[in-house]
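Reader: Before I plan around this protein, I would like to go through its model with you, starting with the chain as a whole and then turning to its pockets and aromatic rings.

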Amino acid sequence: MRVIFAGTPEFARVALERLLAAGFTVPLVLTQPDRPAGRGMKLQASPVKQCALQHGIAVAQPLSLRLDGKYPEDAAAAKASIEAAQADVMVVAAYGLILPQWVLNTPRLGCLNIHASLLPRWRGAAPIHRAIEAGDAETGVTIMQMDAGLDTGDMLLLEKTAISPADTTATLHDRLAQLGGRLIVEALEMAACGGLKPTPQPAEGVTYAHKIDKAESTIDWNQPAEVIARRVRAFDPFPGAATTLGADAIKVWSCKIDSCSRTLDAACGQILSIDADGICVACGAGSLLRLTVLQRAGGKRLPAADFLRGFPLAPGMVLGAAP
């Protein structure tokens, strides 16, 4: 089976590697254009492009696939490459471009998407982050037949995985990437013998995983500790949960709900106690949070005890207060 692969980040690279290891022919890879990255802001190829080049696969990086859009020459060149590949199917994983109808119609078996949620819950750009943020007990991967809607196509395969209380977006991402790679291989093997059975998504339970905005990183200490703790895990590794002490910025990378004593007049964000286990902070609804891994601007992630050696904090200080 000939497979065009469209994807960009690490999540997609894992799937591409699994397809190649399973023996599928991949004549063409579509991925986002190289972007500036790192301290020097040098152009950097996406993980998918790096993988494709290592395997000698042709790469196309159009700015758009809309023939009537802002970059028609890019789209026309991509159309020629896609048609020349004579693929049976296109596999899409976190590609980053909307596929117009002509793309969906070109491969014989259409386009299959690897989506990191249990559809129809968490359609959209950030399903892993939003599942953790919402406190979901489980998530998974759905292999979907793509249509013109936003993650609205028929479901082909689905597998669940539990979200543990310790999962961050980073750890859950890696687990779902492996699961997605395995499921897409199974889906294509089933498709080769006509064994896939499309199932329409239910109308109930639709939610949207909106793209993560850096503005969301600021911790609101008026929220309950449980909500803040979930957001800390959901925003690891990006954008990180952030707070301030005066003019100094601090990121919180790990924390746990605490039971240390709280005075009735403590303000939300006030440091109540500090010990070898971390920094106990008052939160909304009378709850408490112990910060265990922190980072100052320009520094490294450090356990609380090490962080405090270079950034002294004391009970009574209030995090997040205006300087």
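Reader: What percentage of the 323 residues in the protein chain is buried?

Author: Please keep in mind that this is a predicted model. A residue is taken as buried when its relative accessible area is under 20%. By that cut-off, the buried part of the 323 residues in the protein chain comes to 49%.

Reader: How many helices and strands does the protein chain have?

Author: The C-alpha trace of the protein chain spans about 70 × 45 × 35 Å along its principal axes, and among contacts between residues at least 6 apart in sequence, 63% join residues at least 24 apart. As for secondary structure, the protein chain has 8 helices and 17 strands.

Reader: Which elements give two or more residues to the lining of the largest pocket?

Author: The largest pocket holds about 1500 Å³ of space, and its lining consists of 36 residues, with Ala94, Tyr95, Gly96, Ala125 and Ala126 nearest the centre. The elements that give two or more residues to this lining are β7 (111-115), α5 (127-133) and α6 (169-192).

Reader: How many nonpolar, polar and charged residues are in the lining of the largest pocket?

Author: In this classification Ala and Tyr count as nonpolar, whereas Gly counts as polar. Sorted in that way, the lining of the largest pocket has 23 nonpolar, 10 polar and 3 charged residues.

Reader: How many residues of the lining of the second largest pocket are charged?

Author: The second largest pocket has about 260 Å³ of space and is lined by 13 residues, of which Pro165, Ala229, Arg230, Arg233 and Cys255 lie nearest its centre. At least two lining residues come from each of α7 (225-234) and β13 (248-257). By class, 7 residues of this lining are nonpolar and 2 are polar, while the number that are charged is 4.

Reader: Why is the pair formed by the rings of Phe307 and Phe311 described by its planes, and what is it called?

Author: The count of aromatic pairs comes to 1. Its rings, those of Phe307 and Phe311, have centres 5.2 Å apart and planes at 20°, and because planes under 30 degrees apart count as stacked, the pair belongs to that class. Both Phe307 and Phe311 are buried, and the name for their pair is stacked.

Note on methods:
Residues numbered from 1 in each chain as written. Predicted model: local features only at pLDDT ≥ 70, side-chain atom pairs only at ≥ 80, totals over all residues. Heavy atoms only, no water. 1 Å grid on protein atoms, 1.4 Å probe; cavity = no way out; pocket = protein on both sides within 12 Å on 5 of 7 lines; lining within 4 Å. Points joined across faces, edges and corners; volume = space filled by probe spheres on them. Helix = DSSP H or I, 4+ residues; strand = E, 2+ residues; numbered from the N terminus. Phe/Tyr/Trp six-rings, centres within 6.5 Å; stacked < 30°, edge-to-face > 60°. Buried < 20%, exposed > 50% of the residue type's maximum accessible area, 1.4 Å probe, protein only. Contact = heavy atoms within 4.5 Å.
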